[in-house]
Amino acid sequence: MSETSSEGPAQGHRTIDRVTEILETVVYRPGITFAELAREIAAPKSSVHGFVRGLLARGWLYQRDRRFYLGPAVYGLTLVSGQIRAGQVAQADLDSLHDETGLTVFLGVEAGDHLIYIGESGTDAFAGFGARNNIHRSMIGTAGGKALLAERPDAERDTYLRRQTSDSPELVAAFLSEFPEIVKTRVATNLAYGGTQLALATTLHDRAGKPVAAAVLIGSADEMRKRETKLRKALLGHVASWAGRSVNPREAV
């Protein structure tokens, strides 16, 4: 059997073409329904159904209220590749927060029921490995996710928590107990790896006051506890200086 050559003109592949068509349609029409998607790409619903189920299972798409959006796997790849896009936050901003605190800094955005890190600074080997190998990071199981959840409208937050109750009742209970403090202080916390790692997070708002991302500080719990008050102040101060900037979606970090 001869080897397939990469030389010569590229050729389409029916499966690849269909998957690409689905993803491109969702990119340009976020919130599209299944019926609209099948009609848009002019394909039988039975055929589209199989592709969509596979894309949902692998995180390339996510579904909310029977509507489809680009999934967390796409955002996770931007972190792995290092080719991330900036809006209100530049790499220099993340670096400045890292320089002041000496901690790992992440910038996270919400993608369905997941928190995706799209920017980082000062990442040590431990934190970096976790970020790159856990694309499907639970909203309710992270400091950044908790901060964003706390600012959701009540109805949306309650709907999300109901979806989580069967699988993660302990996380739901923990979030509800922490919720008043998150609202009061504007900082969410989370312990991981047996309580050895602590994360502090707050939300970044756009000019309209809508939460669009979470800034997260991560480090040794023992070390961070000793100066937690100063770390909270630094985190809130830096993020406040980023808020309200004009957004340029084409600027690469």
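Select strands β2 (residues 61-64) and β3 in this predicted model. The two strands pair in the antiparallel sense, with four bridges between them. Within this pairing, Arg64 is placed opposite Arg67 of β3. Now show the turn of the hairpin: two residues lie between β2 and β3, and Asp65 has a positive phi near 55 degrees.

Next, select Gly71. This residue sits in the loop between β3 (67-70) and α4 (72-81). Is Gly71 buried or exposed? Its relative accessible area is 0%, so Gly71 is buried. Display the C-alpha atoms of Gly71 and Leu61: they are 3.9 Å apart, although ten residues separate the two along the chain. With neighbours within four places in sequence set aside, the contacts of Gly71 are Gly59, Trp60, Leu61 and Tyr62.

The aromatic pairs in the model number three. In the pair of Tyr62 and Tyr69, the ring centres are 5.2 Å apart and the planes are at 20 degrees, so this pair is stacked. Tyr62 has 16% relative accessibility and therefore counts as buried. Tyr69, at 24% relative accessibility, counts as partly exposed.

Another of the aromatic pairs is formed by Phe175 and Phe179, which is tilted, with 5.9 Å from centre to centre and 50 degrees between the planes. Select helix α9 (residues 169-185) to see the setting: Phe175 and Phe179 are four residues apart in this helix, so about one helical turn separates them. Colour the two by accessibility. Phe175 counts as buried because its relative accessibility is 1%, whereas Phe179 is partly exposed at 22%.

Now move to the open sheet. Its six strands are arranged in the order β6-β5-β4-β9-β8-β7, and the pairing is antiparallel. Which strands stand at the edges? They are β6 (137-138) and β7 (188-192); each has a single partner strand, so one side of each has no neighbour in the sheet.

Inside this order, select β4 (residues 104-111) together with β5 (residues 114-121). Seven bridges join these strands in the antiparallel sense.

Conventions:
Residues are numbered from 1 along each chain as its sequence is written. This is a predicted model: local features need pLDDT of at least 70, side-chain atom pairs count only at pLDDT 80 or more; totals for chains, interfaces and linings use all residues. Side-chain values use heavy atoms; hydrogens and water are left out. Rings of Phe, Tyr and Trp (its six-membered ring) pair if their centres lie within 6.5 Å; planes under 30 degrees apart count as stacked, over 60 as edge-to-face and the rest as tilted. Buried means under 20% relative accessible area, exposed over 50%, partly exposed in between (1.4 Å probe, protein chains only). Contact means heavy atoms within 4.5 Å. Two strands pair if DSSP finds at least two bridges between them.
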